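Hi,

Here's the structure I said I'd pass on. Have a look through it first, and then read my notes below.

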Amino acid sequence: MNLEEITDLIIDIGQPKFRASQLFKWLQSGVQSFDEMSNIPLALRNKLSEIGYIATVKPIRKFVSQIDGTVKYVYELYDGELIESVLMKYEHGYTVCISTQVGCRMGCKFCASGLYGLTRNLTASEMLAQITYAQRDNNIRISNVVMMGMGEPLDNFENSIKFLKLVSDDNGLNIGLRHISLSTSGVVSGINKLADYNLPITLSISLHAPNDTIRSSTMPINNKWNIDALLKACKEYQNITTRRISFEYALIEGVNDSDNNAKELASRLKGIMCHVNLIPANPVKENSFKKPDRKSIIAFQKKLESYGITATIRRTLGADINASCGQLKKKTKEEIIDANIH
Ligand code: SAH
Ligand code: SF4
């Protein structure tokens, strides 16, 4: 709930208005129960727990990378569903990668999150709870958020917008929108709607291919909105927000990593103020995709730069703990199935 909604509730139950901002602050601090709200009278705490609940995430697995300290959590939600989150430490501070849905219905061939389809959307508070839990658990302040975990944020539009408002609220976590990236597989209707909000977030587009033949073979969404439609929406988005767009490009050996692919990609992106983020594809057991060797990845980057497109290679964090999209939840699910717990 945002402050207005909490205020309405507090007034409805006949309480003074100032209780609403107290309650809001507690919720944003990541408390797990109403009992922790020490400046709220016991009678009101009891009343609140009768009429409401606090969305919490319960860690059922936690992995800490021995290589770089990256922490990966598998969380259980109130209904037993599982999601995952990753905490990464960079020079400029801590970044958390959050999930926005349980599963995903976009079905990208290289991705572990979509293997079981979509189960349900996360609420804004379940997104927020992934941040507050990681903060409390590590006694840190998180400065950056990427919406790049499980799920397609623009397929859960209203909750994603509500989350962005809550997380940047200066009475709450106060994480500036400029420090938040939202990644989409290319839901054009969502990009258009998002443009109307004109938020200073970074929009990341999972492009992953320079032409429709390759993109349609790995990303079914391309059959609904092809690359032309997607890039048109990006240009319109940029006209409104004036923000640089980030394009994600997972390099898959023999699929999208040739010199010609780099040339074609550069020509498609001409005229868009952008940055390309090259991700060496992470192998997933269910498919045969491989990442190219380091030399080919660097060659691809150099080729793009020779055409005037800035490109960086994403550093691999948490390589020893399966820290990429959907991998760990899948593993945990398999373990749970194996162990016959459910
Ligand atoms: N659904 C959104 C956000 C979550 S996925 C989206 O697709 O953009 C976060 C990023 O990881 C996306 O760019 C996605 O394409 C990429 N990704 C998924 N599986 C991957 C894999 N096996 N190797 C490399 N990148 C992958
Ligand atoms: Fe969904 Fe993104 Fe994975 Fe595609 S890459 S299946 S959109 S989470």
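First, the ground rules. This is a predicted model, where local features need pLDDT of at least 70 and side-chain atom pairs count only at pLDDT 80 or more, while totals for chains, interfaces and linings use all residues. Residues are numbered from 1 along each chain as its sequence is written, chains are lettered from A and ligands numbered from 1 in the order in which they are written, and side-chain values use heavy atoms, with hydrogens and water left out.

Let's start with the helices. Helices (DSSP runs of H or I, at least four residues) and strands (runs of E, at least two) are numbered from the N terminus. Helix H4 (residues 124-138) packs on helix H5 (residues 157-167) at about 45 degrees, and their axes are 8 Å apart; the axes are lines fitted to C-alpha atoms over the stretch in contact, with angles running from 0 to 180 degrees between N-to-C directions. That makes H4 oblique to H5 (under 35 degrees is roughly parallel, over 145 roughly antiparallel, 65 to 115 roughly perpendicular, and the rest oblique). On the H4 side, the contact (heavy atoms within 4.5 Å) is made by Ala-124, Met-127, Leu-128 and Ile-131, and H5 brings residues including Phe-163 and Leu-166.

Ile-131 and Phe-163 turn up again in the largest nonpolar core, which has 91 residues: along with Phe-247 and Leu-304, they touch the most other members. A nonpolar core is a set of buried Ala, Val, Leu, Ile, Met, Phe, Trp, Tyr and Cys residues joined through side-chain atoms within 4.5 Å. Buried means under 20% relative accessible area, exposed over 50%, and partly exposed in between (1.4 Å probe, protein chains only). H4 gives this core its largest share, seven residues. There's also a second, separate core of five residues, with Val-86 and Leu-317 among them.

Now for Ser-181, in strand S8 (residues 180-184). Is Ser-181 buried or exposed? Ser-181 is buried, at 15% relative accessible area. Beyond four places in sequence, its contacts include Val-146 and Thr-202.

Finally, two loop residues. Asn-198 lies between helix H6 (188-197) and strand S9 (202-206), and its phi is positive, near 45 degrees, though it isn't a glycine. Thr-242, another non-glycine, has a positive phi of about 55 degrees. Asn-198 is partly exposed at 40%, whereas Thr-242 is exposed at 58%.

Cheers
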